[in-house]
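Here is a short briefing on one chain. Take the overall figures, then the cores, the sheet and a pocket.

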Amino acid sequence: MNKFKQLWSKLHSSLWFLPSLIVAGSVVLAVVLIEADSTGSDRWLAQWPRIFGAGAEGARGMLSTIAGSMMSVVGITFSMTLVTLAMASSQYTSRILRNFMRSRVTQTVLGIFAGIFAYCLIVLRTIRGGNEVEFVPGLAVFFSVVLALGGVGVLMFFIHHIASSIQASNIIASVAQETMGTIDRLFPENLGQGPTDENDMDQEFRLLAEANWHTIPARKSGYIQSVDNAALLHLARDKKTIVRMERGIGEFVVQNTALASLALEDPPDKGTIAALQATFIISRLRTVEQDAAFGIRQIVDIALKALSPGINDTTTAVMCVDHLTAILARFAPRPIPSSFRYEEGKLKVMTIGPTFASLLTESFDQIRSNAKDNLAIILRMLDAFQTLSSLTTSPHRRQALLEQVRLIVELAERTIESAHDRARIDTRLTRVRETLEGGHIRKE
């Protein structure tokens, strides 16, 4: 199942898979229409000679023109796509290129143009004239004209799509939406059951310290894209053991170094090792499917590029801070599932996952370091902390926010010299601290 998910992810993000399906569908459509023309539809088509009355030479010329035009349009579409990828990589970050490649619009447009070309070729080769018994599939030829006119509309739509997709606001919003989808999908999960008595936790820690741990190495080097949690629970149940992850999702693991550990009296056999390794998908790239931190990383990279001296685009950086706030706001009020997965009151799996503090640090540390003398970014980050503090009463999360505020104060004291600007920062700080100190505190 894990291999199937990895294969589907690769196909979904490729530029050739969906276009290939559309081309195959176009070929099937051409064959069906030709078959319909050859099974006695001539009398029916003869009722509209101005629509379906093309001769063999005229039909060949029209189909050849449409096919040649579609190949020219395919070349233009590929060129526009490559230019967009190059611009996005240089202007923002190369980590967002995968989002462009996964675009259903781009894949569908390429498939439509290539499909029209394939359709015309199939119909063209069935036309007979001259000394042969004449056969012109009138319905199929007429439909090629409909496809050509539709292709013109698709080209206009694609130009509009390209112009919209390279705008910073759309790129950032798209990444943020995908990341929030990941948060919605992952954190409501209830994998196993937690202990009901705190004394049981103390007992579990003592048992874990006394357990005989066997390290399972990684089969190859790369980033951990995802983990099959259900398979980990099944493996722990089947082997009557405890599985402990040594590397979390999004981390880089080196071949033959620790990937996970098993609490067993005897060393695990090859089948157990292979089964555990198969629950991890390791690749050269990080993805957002189970790695919300990677979505945050993409937006942070865009902000850093915008704040660089060569670009100096504060507005884009502010948008990045706004969307990072929206992502963390989706995360802030939610309880994080325990890293200990229980089944029937027994510990089965120990996972490594993100925390609010780690995502907060990932979001703002580097932006803050590059925001020297930038009043707009400092004020917007303070607004972000005020918003987040109003959404959580967890003492741990509020403490993480308070630490970020302290670092902002230190940055402002060191880099902001204007008395007017310092006064604005102090006013905003007062609001943030009032929000952090208010509300009822609950345990996380």
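Of the chain's 444 residues, 44% count as buried (under 20% relative accessible area with a 1.4 Å probe, protein chains only; exposed is over 50%, partly exposed in between). This is a predicted model, where local features need pLDDT of at least 70, side-chain atom pairs count only at pLDDT 80 or more, and totals for chains, interfaces and linings use all residues. Residues are numbered from 1 along each chain as its sequence is written, and side-chain values use heavy atoms, with hydrogens and water left out.

**Overall**
- The chain has 18 helices and eight strands (DSSP runs numbered from the N terminus: helices are H or I with at least four residues, strands are E with at least two).
- Contacts (heavy atoms within 4.5 Å) between residues at least 6 apart in sequence join residues at least 24 apart in 81% of cases.

**Nonpolar cores**
- The largest nonpolar core holds 61 residues (a core is a set of buried Ala, Val, Leu, Ile, Met, Phe, Trp, Tyr and Cys residues joined through side-chain atoms within 4.5 Å).
- L360, F364, I367, M381, F385 and I425 have the most contacts inside this core.
- Helix 13 gives the largest share of this core, 10 residues.
- Leaving aside residues up to four places away in sequence, L360 touches L328, F385, L388, A400, L401 and Q404.
- A second, separate core has 27 residues, including L33, I116, I127 and V141.

- Three strands make an open, antiparallel sheet in the order 4-2-6 (strands pair if DSSP finds at least two bridges between them).
- Strand 4 (252–253) and strand 6 are at the edges with a single partner strand each, so one side of each has no neighbour in the sheet.
- Strand 2 and strand 6 run antiparallel and are joined by four bridges.

**Second largest pocket**
- On a 1 Å grid over the protein atoms alone, a pocket is an open set of points where a 1.4 Å probe fits, with protein on both sides within 12 Å along at least five of seven lines; lining residues have an atom within 4 Å of a point.
- Among the 20 lining residues, R98, Q225, S283, R284 and L285 are closest to the pocket centre.
- Helix 1 (2–12), helix 6 (97–101), strand 2 (222–227), strand 6 (280–283) and helix 13 (292–307) each supply at least two lining residues.
- The lining divides into six nonpolar, seven polar and seven charged residues.

How values were computed. Ala, Val, Leu, Ile, Met, Phe, Trp, Tyr, Cys and Pro count as nonpolar, Asp, Glu, Lys and Arg as charged, and the others, Gly among them, as polar.
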